[in-house]
Amino acid sequence: MLTISKRGAIQPFLAMDVMAKANVMAADGADIVHMEVGQPGAPAPQPVLEAAQKALVDGRIGYTDALGILPLRERIAQHYMERYGVSVSPDQVAVTTGSSAGFNLAFLALFEAGDRIILPSPGYPAYRNILSALGLEVVEVETRAEDRWCLTADAIRAAHLEGSVKGVLIASPSNPSGTIMEAEALQSVIETCEELGIWFISDEIYHGLEYSFEAQTALAISPNVVIINSFSKYYCMTGWRIGWMVLPDKARRSVECLGQSLYISAPMLSQVAAMAAFDATEELEAIKAGYGRNRALLVEALPGIGLGDFMPMDGAFYTYCDVSKLTNDSMDFANRCLTEAKVAITPGADFDITRGHRFVRLSFAGTEVDMAEAIKRLGAWIRWKSSLRS
Ligand SMILES: Cc1ncc(COP(=O)(O)O)c(C=O)c1O
């Protein structure tokens with residue numbers, strides 16, 4: 001009998017499922033406000049589009065070196081000096097097919113099947129899914145309000161005592177909460193990993209999208225960490241599938257060989273275009289200012305509509321709201337919100353298996369018009385739901 005592998009039977013990515021359902025409804029004529037997927041509403045910046053058009057006219061789009069074209073790796077290395085004052089050599093940079101490919105490459109290069117990897121929860125669901133598909137053991141560590149919903153050194157030590165841990169992966173700013181780790185908290189986590197011989201992987205995909213204070217790159221704390229980043233979010237290039245890693249020397253050749261066989265190379269057109277993203281700061285900052293206005297709208301309006309209990313929205317473009325006063329089943333809540341209020345939101349079960357039933361995530365990456373409409377619809381819908389109960 002033909003069977004499907006158990007390791008391939010991973011959990012669905014619910015935000016994508018909600019988007020698929022919302023798209024079916026929209027194709028039937030429904031007017032949906034999208035707050036489910038973390039995707040900038042704006043297209044890639046103008047210099048990126050122009051560079052891509054020129055590359056298409058100029059000619060052949062082919063494979064590149066597995067680690068990416070040298071000019072892009074040089075430009076990424078320069079970005080670390082410009083933004084963080086950290087010296088990075090182009091040799092340390094690997095260009096990847098989105099940060100998603102970076103996870104596969106990092107997990108395969110650093111870990112053996114069966115190794116235990118810590119993920120703070122709530123967190124981005126694909127980490128858990130990729131790790132389990134690769135036969136790694138996910139150690140989910142619940143974060144707490146008193147730690148600003150961030151992983152702590154003590155929690156790492158406790159998990160390591162229960163069974164040797166080989167890796168820790170965090171995103172700061174975080175998805176789904178937007179919370180940024182304060183510099184001292186990040187430093188103590190990285191120092192603890194170094195002391196215990198645990199790889200530290202830093203997903204810095206939301207860097208550039210900060211509102212409260214700037215996120216620090218883990219590289220400023222230690223040269224032994226693995227950085228994963230992407231052009232998808234700040235640079236508005238989700239569909240171009242292009243990201244990068246900064247690697248310690250030890251991991252470089254392994255990532256190169258894995259990349260050769262898994263992907264050959266990241267798309268060349270996207271590589272050429274991505275170089276121009278670093279010259280689009282004015283345009284990108286204007287887009288970020290729009291997210292800032294959306295965030296301010298939500299911070300002001302959500303308490304008035306019963307959604308005022310959310311984690312610190314320091315960065316990224318998400319609000320992770322506790323909806324336990326309204327429901328004990330956020331999956332059902334999100335489903336009804338889509339079909340009844342026509343607002344697509346993501347249930348917390350995507351991000352936190354044990355506590356997610358109490359939370360929903362709203363993305364504010366859309367337009368200000370979308371935000372105002374979403375607040376209006378959500379407010380009316382929640383008032384209507386409450387009136388049915390009373
Ligand atoms: C925290 C985090 N990491 C990685 C990704 C994947 O991004 P990419 O488009 O670079 O593959 C996402 C996408 O939403 C994300 O939220």
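Student: Is the crossing of α4 and α8 left-handed or right-handed?
Tutor: Let's look at the pair. Helix α8 covers residues 249–262 and packs with α4, the two axes lying 9 Å apart; helices (H or I, at least four residues) and strands (E, at least two) are DSSP runs numbered from the N terminus. A crossing is left-handed if the near helix is turned anticlockwise from the far one by less than a right angle, and right-handed if clockwise. The crossing of α4 and α8 is right-handed.

Student: What kind of model is this?
Tutor: Residues are numbered from 1 along each chain as its sequence is written. Local features need pLDDT of at least 70, side-chain atom pairs count only at pLDDT 80 or more, and totals for chains, interfaces and linings use all residues, for this model is predicted.

Student: What word describes how α4 and α8 are set to each other?
Tutor: The angle between α4 and α8 is about 125°, between N-to-C directions of axes fitted to C-alpha atoms over the stretch in contact, on a scale from 0 to 180 degrees. Under 35 degrees counts as roughly parallel, over 145 as roughly antiparallel, 65 to 115 as roughly perpendicular and the rest as oblique. So α4 and α8 are oblique.

Student: Which helix gives the most to the shell around the ligand?
Tutor: There are 13 residues around the ligand, and Gly98, Ser99, Ser100, Ser230 and Ser232 come nearest (the cut-off is a C-beta atom, placed from the backbone, within 6 Å). By class the shell has nine polar, three nonpolar and one charged residues. The helix that gives the most, with three residues, spans residues 98–110 and is α4.

Student: Is the crossing of α2 and α9 left-handed or right-handed?
Tutor: Helix α2 (residues 46–58) packs with helix α9 (residues 268–275) at about 135°, with axes 8 Å apart, which makes α2 oblique to α9. Val48, Ala51, Ala52 and Ala55 in α2 meet Leu269, Val272, Ala273, Ala274 and Met275 in α9, and that contact has nine nonpolar, no polar and no charged residues. The crossing of α2 and α9 is right-handed.

Student: And is the crossing of α3 and α9 left-handed or right-handed?
Tutor: Helix α3 (residues 70–84) packs with α9 at about 40°, the axes being 9 Å apart, and α3 and α9 are therefore oblique to each other. Pro71, Leu72 and Arg75 in α3 meet Gln271, Ala274 and Met275 in α9; by class these are four nonpolar, one polar and one charged. The crossing of α3 and α9 is left-handed.

Student: Is the peptide bond from serine 121 to proline 122 cis or trans?
Tutor: Most peptide bonds are trans. Proline 122 is placed in the loop between β3 (116–121) and α5 (125–133). With omega near 10°, the bond from serine 121 to proline 122 is cis.

Student: What is omega for the peptide bond from asparagine 175 to proline 176?
Tutor: Proline 176 lies in the loop between β5 (165–171) and α7 (183–196). The bond from asparagine 175 to proline 176 is cis, with omega near 25°.

Student: What is the phi of cysteine 236?
Tutor: Cysteine 236 is found in the loop between β7 (226–230) and β8 (243–246). Although cysteine 236 is not a glycine, its phi is positive, at about 60°.

Key:
Ala, Val, Leu, Ile, Met, Phe, Trp, Tyr, Cys and Pro count as nonpolar, Asp, Glu, Lys and Arg as charged, and the others, Gly among them, as polar. Two residues are in contact if their C-beta atoms, placed from the backbone, lie within 7 Å.
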